[in-house]
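Subject: Structure for you to look at

Hello,

Here is the structure I said I would pass on. Please open it first, then read my notes beside it.

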Amino acid sequence: MIFPSQETSMSGLFGQILQSLGMGEAEQNAAPVVHGALSDVLNLNSPDGINNLANSFAASGLGQHVQSWIGSGGNIPITAEQVQGVLSNDQVQALIQRTGLPIAALMPLVSKLLPHAVDQATPGGATPNTDSQNV
């Protein structure tokens with residue numbers, strides 16, 4: 001469910017990014033929830049989370065994708081099938097539970113949002129600072 005305050009967050013830069021990704025209105029409405037779930041489930045706000053994701057993609061032969069998302073250049077896109085092949089079943093199930101979306105709707109959104117989520121979590125091509133974590 002999208003709350004009114006979440007709908008208003010669709011304006012601005014994030015809304016422009018979603019439009020540039022060719023998302024329809026339903027996808028755009030679900031995007032903030034999916035984006036938040038990705039950050040939490042994959043622990044993208046910590047160096048360990050980014051490193052674990054990079055290692056998982058590298059082990060699947062897709063390391064250059066994550067490196068492009070961390071770096072300051074353009075992001076290499078990824079397909080829903082590639083993402084689903086890299087994420088663990090537990091991660092996919094957690095995303096389904098957090099978003100309430102069926103896997104057929106979720107994975108295409110994840111493939112569009114994951115590069116942006118990693119890019120946002122690594123400003124200037126640097127992983128999050130462990131000193132800023134509240135552990």
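The chain has 135 residues, and 40% of them count as buried, where buried means under 20% relative accessible area, exposed means over 50%, and partly exposed is in between (1.4 Å probe, protein chains only). This is a predicted model, in which local features need pLDDT of at least 70 and side-chain atom pairs count only at pLDDT 80 or more, while totals for chains, interfaces and linings use all residues. Residues are numbered from 1 along each chain as its sequence is written, and side-chain values use heavy atoms, with hydrogens and water left out.

Overall layout

The secondary structure comes to eight helices and zero strands. Helices (H or I, at least four residues) and strands (E, at least two) are DSSP runs, numbered from the N terminus. The pattern along the sequence is therefore written α-α-α-α-α-α-α-α. Of the contacts in the chain with a separation of 6 or more, 65% are between residues 24 or more positions apart; contact means heavy atoms within 4.5 Å.

Helices α4 and α8

Helix α4 covers residues 47–59 and helix α8 covers residues 103–121. The two pack at an angle of about 140°, with their axes 12 Å apart. Axes are lines fitted to C-alpha atoms, for helices over the stretch in contact, and angles run from 0 to 180 degrees between N-to-C directions. How do α4 and α8 lie to each other? They are oblique, since angles under 35 degrees count as roughly parallel, over 145 as roughly antiparallel, 65 to 115 as roughly perpendicular and the rest as oblique. The crossing of α4 past α8 is left-handed, which means that the near helix is turned anticlockwise from the far one by less than a right angle (clockwise would be right-handed).

On the α4 side the contact is made by Ile 50, Leu 53 and Phe 57, and on the α8 side by Leu 114, Val 118 and Ala 121. By class, this contact of α4 with α8 has six nonpolar, no polar and no charged residues. Here Ala, Val, Leu, Ile, Met, Phe, Trp, Tyr, Cys and Pro count as nonpolar, Asp, Glu, Lys and Arg as charged, and the others, Gly among them, as polar.

Helices α4 and α5

α4 also packs against α5, at an angle of about 145° and with the axes 7 Å apart. Ile 50, Leu 53, Ala 54, Phe 57 and Ala 58 of α4 meet Gly 63, Val 66, Gln 67, Trp 69 and Ile 70 of α5. These residues divide into eight nonpolar, two polar and no charged.

Helix α5 is largely enclosed by the rest of the structure, because six of its eight residues are buried. Those six are Gly 63, His 65, Val 66, Ser 68, Trp 69 and Ile 70. What covers them includes α4 and α8.

The aromatic pair

Rings of Phe, Tyr and Trp (its six-membered ring) pair if their centres lie within 6.5 Å; planes under 30 degrees apart count as stacked, over 60 as edge-to-face and the rest as tilted. By this rule there is one aromatic pair. The ring centres of Phe 57 and Trp 69 are 5.4 Å apart and their planes are at 75°, so the pair is edge-to-face. Phe 57 belongs to helix α4 and Trp 69 to helix α5 (residues 63–70), 12 residues apart. Phe 57 is buried at a relative accessible area of 0%, and Trp 69 is buried at 0% as well.

Single residues

Val 86 lies in helix α6 (residues 80–86) and is buried, at 12% relative accessible area. Beyond its neighbours within four places in sequence, Val 86 is in contact with Ser 56, Phe 57, Ser 60 and Leu 62.

Ser 111, in helix α8, is buried at 9%. Leaving aside neighbours within four places in sequence, its contacts are Ile 78, Thr 79, Ala 80 and Val 83.

Is Ser 72 buried or exposed? Ser 72 sits in the loop between α5 and α6 and counts as exposed, at 75% relative accessibility. Its C-alpha atom is 9.2 Å from that of Ala 126, 54 residues apart along the chain.

Most residues other than glycine have a negative phi. Asn 43, however, has a positive phi, near 55°. Asn 43 is in the loop between α3 (25–41) and α4 and is partly exposed, at 40%.

Regards
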